[in-house]
Amino acid sequence: MIRFEQVSVTYGDAAAPAVQGVDLTVPEGELCLLVGPSGVGKSTVLNAVCGLVPHFTGGTLRGRVTVDGRDTRTHKPRELADVVGTVGQDPLAHFVTDTVEDELAYGMESLGLAPDVMRRRVEETLDLLGLAELRDRALTTLSGGQRQRVAIGSVLTTHPKVLVLDEPTSALDPAAAEEVLSVLQRLVHDLGTTVLLAEHRLERVIQYADQVILLPAPGAPPVMGAPSDVMAVSPVHPPVVGLGKLAGWSPLPLSVRDARRKAAPLRARLETVTPPRPVDAARTAEAAAVAEVTGLGVRRGRIEALHRVDLSVRRGETVALMGRNGAGKSTLLSTLVGMHQPSSGAVRVGGVVPHRTGPRELLRQVGLVPQEPRDLLYADTVAAECAAADRDAAAPAGSCRALVARLLPGVPDSVHPRDLSEGQRLALALAVVLTARPPLLLLDEPTRGLDYAAKARLVEVLRGLAAEGHAIVLATHDVELAAELAHRVVILADGEVVADGPTDEVVVSSPSFAPQVAKVLAPLPWLTVPQVAGALEGAV
Amino acid sequence: MSAPQATRTTALHAGAWWLWALGLATAASRTTNPLLLGLLVGVAGYVVAVRRTDAPWARSYGAFVKLGLLVIGIRLVFAFVLGSPIPGSHTLVTLPEVPLPDWAEGVRIGGRVTAEGMLFALYDGLKLAALLICVGAANALANPSRLLKSLPGALYEAGVAVVVAMTFAPNLVADVQRLRAARRLRGRPDRGFKALLQVGLPVLEGALERSVALAAAMDARGYGRSARVPRAVRHTTSALTLGGLLGVCAGTYGLLGDTGAGYGLPLLLAGLAAALAGLWLGGRRSVRTRYRPERWGPRACLVAGSGIAVAALTIWAGGYAPAALHPPAFPLTAPVLPLWPAASLLVGLLPAVVAPAPAPAGATAPAADPATTRATRTAKTAQKEPSQ
């Protein structure tokens with residue numbers, strides 16, 4: 001269905017091709033997963049399928065890409081619109097109209113389908129994706145998972161043979177991600193659609209894939225094969241595969257179910273070992289509270305975003321805030337930096353009331369890295385950004401640059417922050433925030449768009465900071481990250497705290513927030529692969 | 001006849017709402033009587049209140065009302081500072097007059113401020129505000145993108161570009177808010193004009209990136225696909241459109257000038273016909289079809305008709321009661337409400353009865369306190385009620 005013949009793509013002024021030597025065929029009706037570290041050209045490959053590369057992005061494409069027999073060289077993206085449906089990373093940027101029903105019809109209108117056909121297909125698609133309830137809703141009022149489903153629906157109505165998705169579940173909570181993936185699964189199985197998707201969160205998608213295409217390094221030719229074969233050589237892999245490698249299982253398990261079947265001996269071995277507690281509990285219990293939230297209520301517009309929230313964060317403690325999209329995680333974080341005024345209850349951070357404290361003073365108490373780290377960066381070089389951060393924090397010149405050198409070794413001064421990768425930008429924003437040495441550090445959804453390597457580096461950095469006595473609160477959908485980092489997990493639902501306790505107690509019992517290792521080794525309270533690895537080494 | 005609930009099928013044609021609002025606006029432009037203008041604003045406001053949905057564009061009404069008040073304010077300030085052409089005997093205050101050089105004769109800054117002058121400015125400002133509020137009413141009641149669906153095929157793509165551009169503004173405002181909040185995280189003040197200036201560049205960058213992403217998405221979804229049309233047809237289209245527009249220009253010039261009254265009208269009409277034919281022919285290049293276009297039914301006729309009737313009756317009233325429609329500011333008199341022109345404005349209330357009613361939201365809200373009821377209602381609407 002999709003054929004790449006010796007394809008290489010070079011963008012305008014780049015010295016080396018973004019991808020080269022791509023030679024592969026994706027057969028009809030397969031769910032094909034594109035994996036690889038950040039910056040290896042996954043998006044380039046995806047956009048080459050729908051013709052946006054090179055027609056829209058510019059650059060030179062050598063070789064041949066054909067989709068359903070149509071050469072993308074001679075067909076512009078708009079002329080491929082009836083065979084390829086493309087959904088980008090941000091569904092909001094994809095929407096042309098303003099309501100769900102119009103959005104579903106838009107592509108068909110462009111193709112000039114007859115009105116009765118359009119009507120029928122819109123109704124079918126509404127049912128297929130479970131959107132019937134939302135048909136008249138404005139797109140801006142939808143939740144993340146709903147938006148992603150509408151975006152998929154909007155390209156499905158033209159009955160494309162190929163569906164191309166770029167990180168469809170990265171911004172979603174675990175439940176919404178399941179929702180989207182089950183839709184994709186259904187399309188592949190019931191309608192025979194060919195799906196090509198790129199995703200960083202392999203633990204969510206790998207078990208659904210029929211084939212995996214691995215782009216191992218920038219400019220390296222891709223490796224294609226059955227998921228378990230490719231995972232054996234892949235630099236990026238989900239925890240369940242990591243556990244399988246550790247325990248020497250073959251073939252490698254891809255889903256929790258596969259792994260559990262093989263895990264009985266491992267469970268028996270680990271039964272006698274107590275997992276190392278990630279935190280010295282006595283120390284945190286005595287440590288001074290950095291932030292104290294009591295009976296907090298926050299209204300945003302007419303909606304009560306937070307209701308009677310109690311939370312206290314101590315020095316050296318890492319707390320993960322979890323919950324659905326829209327559960328109030330971000331609101332809680334912004335209230336801690338004084339962006340929202342509480343409608344009831346009290347917030348104190350390091351002895352000050354955030355919303356009554358000037359930004360300059362507050363900076364010394366609490367720092368927040370927002371969901372889009374770019375919002376924090378204004379300057380046009382890394383050096384200028386660091387100098388500005390020193391000035392803002394009244395820190396001695398060079399302190400921010402020293403932090404950047406620690407968090408992000410090898411980044412030249414003259415780079416524009418926009419040209420950094422997602423993970424580097426996060427590290428830069430983190431350094432900027434840390435320049436004022438706030439005792440409380442807040443991170444909103446830090447792993448969005450990060451690959452496993454960048455995530456591992458982030459975990460390292462945050463562990464170090466916690467050991468130095470920073471209190472860290474992170475709002476995240478990433479259960480693996482929470483399992484690795486957090487001493488405590490707080491789960492929010494509809495603006496209320498529904499669970500608050502040590503990570504192993506809270507997540508092991510929860511079906512949606514448990515990391516893969518916990519699911520495989522339940523009822524034993526193991527959370528991460530490094531934990532297990534450490535225990536096995538100790539036992540030997 | 002009781003109005004049905006507004007659904008996609010029964011929704012009133014957007015053009016009907018615009019005709020109604022333009023009718024009211026025409027009426028507003030024909031009078032300076034503050035009582036009549038107030039009545040007109042009341043009529044428009046009432047219809048908006050009972051027939052507005054929860055859609056995002058419906059919230060624009062408040063912004064237009066505020067804009068109207070601002071216009072009145074500016075008009076009053078100008079009259080206060082720059083004086084007024086209306087003679088007056090009731091001096092309110094006397095400002096120090098700024099001496100101006102000879103070439104600025106006729107311009108005055110400061111000086112006597114009379115009650116008559118201020119009153120005249122108020123009437124004038126009210127008229128403008130009423131016009132704005134009528135436009136705001138149309139904006140709140142009719143979905144702007146549905147209106148575009150009624151455009152001829154040849155103009156559709158330009159229309160989509162306009163709609164996309166219109167969503168640019170709210171997105172820009174959201175970006176500015178987000179980035180100003182982010183400034184706080186850098187320990188810089190998040191209020192004030194300087195803060196706004198400094199986020200300018202990142203906001204524009206973000207907007208540009210979003211536009212590029214949207215353009216890519218639209219391209220990939222088939223925007224701009226065109227059918228092959230014979231060369232002859234293409235050339236005829238260009239000739240007709242260009243010739244038609246030239247004809248329209250020349251015809252209008254003739255009509256407005258003193259000498260060309262004879263050839264003006266026929267030329268204008270011929271030009272219009274040619275331009276329309278060009279548009280129709282140009283539409284053949286576009287392969288688009290329309291999904292569930294709004295139909296022009298009897299209710300749409302009634303709504304549009306009521307607006308046109310208001311306009312016609314007020315223009316007629318200008319003939320039989322000119323004094324009542326334009327109460328003099330000098331000498332100072334209290335304006336009176338003329339019976340028949342007022343009654344004719346009330347015809348504009350017809351849509352409040354015949355137009356499809358928006359879905360009742362939060363029918364089950366138990367709270368008695370109106371504020372809470374409203375809050376629950378919005379919360380509910382945001383969650384599950386279909387908002388048309």
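How much of residues 2-243 of chain A is helix and how much is strand? Over this stretch the chain is 37% helix and 22% strand (DSSP runs numbered from the N terminus, H or I of at least four residues for helices, E of at least two for strands). This is a predicted model, in which local features need pLDDT of at least 70 and side-chain atom pairs count only at pLDDT 80 or more, while totals for chains, interfaces and linings use all residues. Residues are numbered from 1 along each chain as its sequence is written, with chains lettered from A and ligands numbered from 1 in the order in which they are written.

**View 1. The stretches listed by UniProt.** An unreviewed UniProt entry lists residues 2-243 and 291-519 of chain A under "domain: ABC transporter"; such annotations may be inferred rather than shown by experiment. The end C-alpha atoms are 34 Å apart for residues 2-243 and 32 Å apart for residues 291-519.

**View 2. Where chain A meets chain B.** Here 54 residues of chain A are in contact with 45 residues of chain B (C-beta atoms, placed from the backbone, within 7 Å). On the side of chain A that touches chain B, α4(A) gives the largest share, eight residues.

**View 3. A six-stranded sheet.** This open sheet of chain A has mixed pairing and the order β15-β16-β17-β13-β18-β19 (strands pair if DSSP finds at least two bridges between them). β15 and β19 of chain A each have a single partner strand, so one side of each lacks a neighbour in the sheet.

**View 4. Inside the sheet.** Strands β16 and β17 of chain A run parallel, joined by five bridges. Look for A:L442, opposite A:V473 in β17(A).

Technical notes. Contact = placed C-beta atoms within 7 Å.
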